[in-house]
Amino acid sequence: MNNQDLMESFSGIRGIYGQSINEDFAYKYAINYCFLFCDKNSVLVIGGDSRNSTLDLKKSMIKAFCDFGVKKVIDVGLLPIQACELAVINFKATGGVYITASHNEPEYNGWKFLKNDGAILYKHQSDKLIKLVHNFKVKNLKASKFKTKILNKNDKAVDGYINFILKRIGKKAVLDIKNHAFKILADPNGGGGTAILEKLFLKLGVSAEIINNSPGIFNRIVEPNIVSLAYLKDKISKGFELGCAFDCDADRVEFILPEGSLFTEQSGQMVSGQYVLALCCDAYLSFKKSKIVVVNDCTSYLVRDIIKKHKAKIKEVEVGETNIVKEMEKQKSVIGGEGSNGGVIIPPIKCRDGIMAMVLILKLITERQKKLTDILLGYPRYYSLRIKKQCLPEKMKTVKIELEKYFKNK
C-alpha cells in the first residue's frame, strides 16, 4: 500500500481508499481491536457514513469480528456517528466501530473504534492498537469455531437517537418548536444526516426543504464552509428562516442566514462556529445547569461570556475531541464542545453532534421569541482570523514548544 496519505492517531484512522486504506487493513484493525478489548461474549456495534467504500470496509471488519468469534455484531447501517455512539450504549454493547473519513472528500475513508460508553478510544488505547496492528501477522490467525450472530438494527438505532434528542430538550421545547412553524433549508450533502433529518423534522413539526438528500451522492465539497456553501446564499433568502449544512458523518454543522440582516452584513451569511457553540450553551444551560463547561483552547471568549452568564465556569483543554470528553467525564460536565468548528457535545453521547446543535438553536429561538439574527446581535462581539499553515509532522513538536515559550508571559 501507498501510505503517504495515511493518518493514524487517537482521533481515528483515515486515508485514501485503494491507496493507504483497503479491506485488508480494515481487517487487521478490527481483529486486533478484538484481541485487545473483546472476548467471546462481546457484542459489537458497526455503522458508517455513505461513502462508496464504506460497505466493503464494513464487510471486512464484520468478517474479522466473526473470525475472532464475538457473540453478536449489530449492524446499524447508515447513520451519523453520534447515533452510532448512542447505539453502543442503548444496545449495551462491548464497543464498536464507525466507518468514516468525516469532513474529508469522498475518495477518503477510515474508522473510529468505540468503547462501551460509545466514545472513541482513549489515546493510550489507540496507541496500543496502532502498534499491535503494525506488528500483526495474518497467517497466525485461526478462525473461531464460535458462530457470531449478525443483526441489522438501523431503524432502532435511528429512532433511539431521535428520541434521545426529543427527551433532552423536553416536551415543552418540542411543542414550542411545533408552534413556531419553522421553515428551514437543510443540506446533508448525501451523508449520514440523510438517515435522520426527514424523520426528525416531522417529529418537530418543522417545514424543511432537504436538498442533496440522496445517500452517497455528494453535490458539493464534503466539509461545510463559507466556500462550499456559497451556492445556498440566494436560495436561503427565499422564505427560509435559516439553513443548515452538515459534513459526511454529521458531527459538523454550519448555519446560513438570509441576506440583508445587520449581523450578516458584518460577518457574512454563515454563522461562525464560535457563535454556534455559544448559542448551544445558551440554550442548554438555560434548563440544564452545569458547574463546569469544557472547551478546547481555541474557543472564543464569547463562549466564556455566555457560560459565565449562566453561573458556570469554563475549563480549557488542548484541541482534540477526546481531550474534551475526558475532561467532561472528570468534571461531570453536561455540555462541552469545540468553538473552532461549532461542535457541541451532550452526554451520554461523547462526540460532536451537529444535529443536536441545530435543534438547540431552534429551541433558543422559540424560547427568546426572537430571530436568530437578533439573538446574535445581543452577544458581545469578538473577532478572529484563522489561517492554515503547512507544517511537517516532525517539526510540529518544535513549533509547539517555541509557541508555548513565546506566549508564556504574555
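Where is the place of Ser102? I found Ser102 in the loop between β5 (95-99) and β6. Helices (H or I, at least four residues) and strands (E, at least two) are DSSP runs here, numbered from the N terminus.

Ground rules before going on. I am working with a predicted model, where local features need pLDDT of at least 70, side-chain atom pairs count only at pLDDT 80 or more, and totals for chains, interfaces and linings use all residues. Residues are numbered from 1 along each chain as its sequence is written, and side-chain values use heavy atoms, with hydrogens and water left out.

I looked up Ser102 for its phi, which is positive at about 55 degrees although Ser102 is not a glycine. Most residues other than glycine have a negative phi, and most peptide bonds are trans. Ser102 is buried, at 2% relative accessible area. Buried means under 20% relative accessible area, exposed over 50%, and partly exposed in between (1.4 Å probe, protein chains only).

Ala181 went on the list as well: its phi is positive, about 60 degrees, and it is not a glycine. I found Ala181 in the loop between α6 (171-180) and β8 (183-187). Is Ala181 buried or exposed? Ala181 counts as exposed, with 54% relative accessibility.

Then I checked the prolines. Pro347 and Pro348 are joined by a cis peptide bond, with omega at about 10 degrees. Pro348 sits in the loop between β16 and α13 (354-368).

**The seven-stranded sheet**

I traced an open sheet of seven strands, ordered β1-β2-β6-β5-β3-β4-β7, with mixed pairing. Two strands count as paired if DSSP finds at least two bridges between them. At the edges are β1 (7-9) and β7 (149-152), each pairing on one side only. From one strand to the next, the twist averages 15 degrees. For angles, axes are lines fitted to C-alpha atoms, for helices over the stretch in contact, and the values run from 0 to 180 degrees between N-to-C directions.

Inside this sheet I followed β2 (residues 12-16), which pairs with β6 (residues 108-114) in the antiparallel sense over four bridges. Gly15 stands opposite Asn109 in β6. Helix α5 (residues 154-169) lies across β4 (72-78) and β7, at about 70 degrees to β4. Contact means heavy atoms within 4.5 Å.

**The four-stranded sheet**

Next came an open sheet of four strands in the order β14-β13-β15-β16, again with mixed pairing. Neighbouring strands here are turned by 25 degrees against each other on average, direction ignored.

How do β13 and β15 run, parallel or antiparallel? Strand β13 (residues 292-296) and strand β15 (residues 336-338) run parallel, joined by two bridges. I noted Val295 opposite Gly337 in β15. Helix α12 (residues 321-331) lies across β13, β14, β15 and β16, running at about 165 degrees to β13.

**Ile375**

I picked Ile375 in helix α14 (residues 372-377). Ile375 counts as buried, at 5% relative accessibility. Leaving aside residues up to four places away in sequence, Ile375 touches Leu279, Leu364, Ile365, Arg368 and Lys370. Ile375 and Leu279 are 96 residues apart along the chain, yet their C-alpha atoms are separated by 8.6 Å.
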